[in-house]
Number of protein chains: 2
Amino acid sequence: MTRLSYQDVERRLKHGGLRAGITRDDLATPALLLDLDAFEYNVAKMAAHCRDYGMALRPHAKTHKCPQIADKLIDAGASGICAAKVSEAEVFAGHGVHGILVTTPLVGRFRIERGIALASRSADTIFVVDDAGNLRDLNDAAAVAGIELNVAVELHVGRKAGIAPGEPALALAQMIDSLPHVKFAGLQAYAGHASHVNGYHARRQASELAMQPAIATKALLEKCGIDCPMLSGGSTGTYNIDCTFDGLTELQPGSYIFMDIDYSSIGGQNGPVFGDFRNALSVLCTVVSKPVRNMALLDAGYKGFSTDRPFVPAAKNDLGLTYEWAGDEHGRLYFSSEQVQTGDRIEFLVPHCDPTVNLYDRIYCCRGESLEDIWQISARGMCQ
Amino acid sequence: MTRLSYQDVERRLKHGGLRAGITRDDLATPALLLDLDAFEYNVAKMAAHCRDYGMALRPHAKTHKCPQIADKLIDAGASGICAAKVSEAEVFAGHGVHGILVTTPLVGRFRIERGIALASRSADTIFVVDDAGNLRDLNDAAAVAGIELNVAVELHVGRKAGIAPGEPALALAQMIDSLPHVKFAGLQAYAGHASHVNGYHARRQASELAMQPAIATKALLEKCGIDCPMLSGGSTGTYNIDCTFDGLTELQPGSYIFMDIDYSSIGGQNGPVFGDFRNALSVLCTVVSKPVRNMALLDAGYKGFSTDRPFVPAAKNDLGLTYEWAGDEHGRLYFSSEQVQTGDRIEFLVPHCDPTVNLYDRIYCCRGESLEDIWQISARGMCQ
């Protein structure tokens, strides 16, 4: 069979109807691949888990930055998505995604203005606040726009943003109740530090310790007559811990859809491996040079993989290959025999999915060897 | 003065004639900033250095991925640019940049096809080769296209790609000479490992050790009657070392135009700081939350800065602030007093410029507080 040319493949990739017969062998590398079987397994498993525990699920879109993935998650039962920044939320809202919770306060030049514009188009968007001055600014801007803004109080339960749980949070919630153009939407409490604690029991302890003040704050608000429809939190690492906390109403995990190397090592409920979800994301690379017998150069380095973890990329089918960073553009591959040749194509699991996805413009969705779809990472780079 | 709205600023940013009065205060954050005074100083200094030593200068565009910067470098005397990958080269050629040296061999699906298409449009493009089989493929493809391809032999002088210097390189150069559709353009020898060696004298030793076989290979080729018009190598860290090597014909440094934190620490010719070039690149951030007295959250984390170095971002005007990674979207800032408030805007030098630039779509060019231009990072993400 004649191999397709680059122009032919690009043309056929653009039109869904022409993709039949295109396989992963036809993709230029480095290419970001999604294993659809593993992805769909992960999506269904978390959705079923939340249904079983009566929790809402609002997966974090900072992981994938891809409207088609948001659609799949919502089709599977998610109530909406989380977006890290207002610029990220704008992209998803522009694609018709509803139920967006923007998880960073609207502080900084233009952020309130952009948030108000977003809420004017997507009325069910929720923003978080942890500061009385910022809340007044939000209320004033909503008044000018003639809208009512959904605002949740972010609680400081970890090492991120937020107001102190308890009385300070109550006062801010009461202030929301007293202002005419903001509406109290509930609480956000994200204990990200707990999600990577090694060992299930230690992780449970860390998450309980972090979330208990948030749960107590929800009870305090309700005791004071403030209805608290939402307490949003949780992560992939604690999804099977936080669901047992009475008071938490929704989970906002992100990484479970792809799973990266990091999470595998944090320990599961029944053993040393956290294997609840399957590795669905990989980067396909090509060996571009083999300068010596046991070392080869790959075509992906710092610009092809995230580098924020102490892990390096791992060959997907454990082949006795060791990856080592070789700068911006390349990886160095060590092996013990003649097993690797120039031109070989090797698939790597990524050290950390979220920042890796943010390096690519599209994700190639594969079912086995076949290419089934291409999704645009439309919110790539949207960190404002 | 009324502050401009987001829409107004975006509209005025799009049209050069409307930018008067726009300052860095009008930029949404995180924003990638270029200090034009420092950048122009760096560009002029390296150009003068190469002129003084009679060396050609072909700066590496993997650093900036920006055609406007390539234009500035060529205007200042560069003979062309290096591009790491064929996809990167395509972007620059499409913008009319000439004299491109593609520094990674054309190995992998579509790479030869794309290289041939590029050479058909930009006849002075040079490709590197380190493998006889790949060379035959290049010659065959050039024959079909009816062109002659400029090919340089890449030498293995460090820990990257390349054929062994000496006889193996000679044989490959002779093979190029013997094939009808490829033309021998010279040698590439990049000793990237030498560029970050600490201390000027140790660095000189490392670079001499690495480059000596390349220089000897050039002499061997010429002794055997093969004209070798180019020996390209060198980096920012060794720019003032390699220029003294008899035989090297051109430098291909990249980082000097921006300078990152890493290079400052490798030691200069006359002291512990390598201060030959000025830090020109920064990321402007906003404090989005101050949950406790001495810690604040910034709006840039793993997706706003490169993370491949052991350094963290450094506040540009040393303010006693300590940055700590706080995940994909945020940084944590520690300080000892009340000096930082929510909404503050703080500028950070980046740990490593190249992969940081690759996270952004545009670079805001500032002269003091004023915004003077906006350049598109058109080759961002081009790692194929």
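The following passage describes the fold of chain A in a predicted model and the contact of chain A with chain B. In this predicted model, local features require pLDDT of at least 70 and side-chain atom pairs count only at pLDDT 80 or more, whereas totals for chains, interfaces and linings use all residues. Residues are numbered from 1 along each chain as its sequence is written, and chains are lettered from A and ligands numbered from 1 in the order in which they are written.

Chain A contains 12 helices and 17 strands, where helices (H or I, at least four residues) and strands (E, at least two) are DSSP runs numbered from the N terminus. Along the principal axes, the C-alpha atoms of chain A fill a box of roughly 70 × 45 × 35 Å. Of the 384 residues in chain A, 55% are buried (20 or more other C-beta atoms within 10 Å of the residue's own, with C-beta atoms placed from the backbone; exposed denotes 12 or fewer, and partly exposed lies in between). Among contacts in chain A with a separation of 6 or more, 65% join residues 24 or more positions apart, a contact being a pair of residues whose C-beta atoms, placed from the backbone, lie within 7 Å.

Strand S5 (residues 126-129) of chain A is covered on both faces. A:Ile126 and A:Val128 are buried on one side, and A:Phe127 and A:Val129 are buried on the other. In a regular strand, side chains alternate between the two faces of the sheet. S5(A) pairs in the parallel sense with strand S4 (residues 100-102) of chain A over two bridges, pairing requiring at least two DSSP bridges between the strands. A:Leu101 has A:Ile126 as its bridge partner in S5(A). The β-α-β crossover from S4(A) through helix H5 (residues 111-121) of chain A to S5(A) is right-handed, that is, clockwise from the first strand over the helix to the second with the strands pointing away from the viewer.

S5(A) also pairs in the parallel sense with strand S6 (residues 149-154) of chain A, over four bridges. Here A:Val151 in S6(A) is the bridge partner of A:Phe127. The chain passes from S5(A) through helix H6 (residues 132-145) of chain A to S6(A) in a right-handed β-α-β crossover.

Between the chains, 55 residues of chain B are in contact with 55 residues of chain A. On the side of chain B that touches chain A, helix H5 (111-121), strand S10 (281-292) and helix H12 (353-357) of chain B each give two or more residues. S10(B) provides the largest share, four residues.

Notes:
Contact = placed C-beta atoms within 7 Å.
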